[in-house]
Amino acid sequence: MFDLDQFIADCRAACAADKSQREVRDVMRRAVSEPAAVLKALGEPQRAGMHTLHRARDLTILNLVWAPMMTVLPHNHHMWAVIGIYTGREDNIFWRRIPGGRVEAAGAKALCTKDAEPLGRDIIHSVTNPIPRLTAAIHVYGGDFFDPAHRSEWDPETLTEGPFDPERARRRFDEANNRMAEQGPTAHLAATIRGRGGN
C-alpha cells in the first residue's frame, strides 16, 4: 500500500540521514515496486502536468505526467534527483558540456515501470515519453526544484545554453495537453488499454 504522507515523511527522514540520494532511492524503490498502489493513491493520469506533492528548501517531490511523445529539452538541476516510474516509460538522454556553451549527447537510459533511478547533482538530461500514452513518475529532488538560480536549459535546435525558466517548463505541459486534445480521447484511451497489460 502506498501512502503519500508516509512517502513524504520517509523521503524527509532519508534526506536528513544522508545528504546524497542513496537512502531516498531505497524509499523510491519500495514505493514503485507496487505501481498499482501508487496509481490508486495518486489517481490514474488524465493529463500531462507537473504536480507538486512537497516543496521545501531542501526537498521537492513532484508527480510528473508526460504526454504521449512529449520531450523536455536538455536541462540541469544543480541538485541530486531520484526518478521512480509507476506507469509508462521515460527515455533519458544524458549530455555533457563542450566548448562554446553547447552540449553533446553522452549516453542514454530507458526507465520503465518499477525503475528507480538516481541522478547526480551535475547531470544534464532531456526526457522523452516514447509511447503513445501518458507516462507518470515521482521525481524527488534534493533542493527547491523551482528555484531557477544557477540552473540552465539548452535550446533544442542549437544546443546552446540559456537560463532555466520554471514557468516556461510548465507551459510545455499545457502545449502537450493541447496536442493530445487535438488527437482526441479515443487514441489515448486505446493506447492506455493496450499499455496497461505491461504494468
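Is Leu159 buried or exposed? Leu159 counts as buried, because its relative accessibility is 15%. Buried here means under 20% relative accessible area, exposed means over 50%, and partly exposed lies in between (1.4 Å probe, protein chains only).

This is a predicted model: local features need pLDDT of at least 70, side-chain atom pairs count only at pLDDT 80 or more, and totals for chains, interfaces and linings use all residues. Residues are numbered from 1 along each chain as its sequence is written, and side-chain values use heavy atoms, with hydrogens and water left out.

Helices (H or I, at least four residues) and strands (E, at least two) are DSSP runs, numbered from the N terminus.

**Nonpolar cores**

- A nonpolar core is a set of buried Ala, Val, Leu, Ile, Met, Phe, Trp, Tyr and Cys residues joined through side-chain atoms within 4.5 Å.
- The largest one has 26 residues. Phe7, Cys11, Met28, Ile61, Ile138 and Val140 have the most contacts inside it.
- At least two residues of this core come from each of helices H1 (4–17), H2 (22–32) and H3 (35–42) and strands E2 (60–66), E4 (81–87) and E9 (135–141).
- A second, separate core has 24 residues, including Leu62, Trp66, Met79 and Tyr141.
- Contact means heavy atoms within 4.5 Å. Leaving aside neighbours within four places in sequence, the contacts of Val140 include Phe7, Cys11, Met28, Ile61 and Trp80.

**Helix H4**

- H4 (residues 166–183) has 18 residues. From first C-alpha to last, H4 reaches 27 Å, close to the 26 Å expected at 1.5 Å a residue. The expected span is 1.5 Å times one less than the number of residues.
- The buried residues of H4 are Pro166, Ala169, Arg172, Phe173, Ala176, Asn177 and Met180.
- Seen down the axis of H4, these buried residues fall within an arc of 135°, so they line one face of the helix. The arc is that of the directions from the helix axis to the C-beta atoms.
- Ala181 and Glu182 are exposed on the other side of H4.
- Cover for the buried residues of H4 includes strands E1 (49–55), E2, E3 (71–76) and E10 (152–154).
- Asp165 caps the N-terminal end of H4, with a side-chain oxygen 3.0 Å from the backbone nitrogen of Glu167.

- Strands E5 (residues 89–98) and E6 (residues 102–112) run antiparallel and are joined by 10 bridges. Two strands pair if DSSP finds at least two bridges between them.
- Trp95 stands opposite Ala105 in E6.
- The hairpin of E5 and E6 has 3 residues between the strands. Gly100 in the turn has a positive phi of about 95°.

**Loop residues**

- Most residues other than glycine have a negative phi.
- Leu159 has a positive phi of about 60° although it is not a glycine. Leu159 sits in the loop between E10 and strand E11 (161–163).
- His78 is not a glycine either, and its phi is positive, near 60°. His78 lies in the loop between E3 and E4 and is partly exposed, with a relative accessible area of 30%.
- Gln21 is in the loop between H1 and H2. Gln21 counts as buried at 15% relative accessibility. Not counting residues up to four places away in sequence, Gln21 touches Trp80, Ala81, Val82, Pro118, Leu119 and Gly120.

Definitions and conventions:
Polar contact = N/O pair within 3.5 Å; in protein donor to acceptor, adjacent residues only side chain to side chain.
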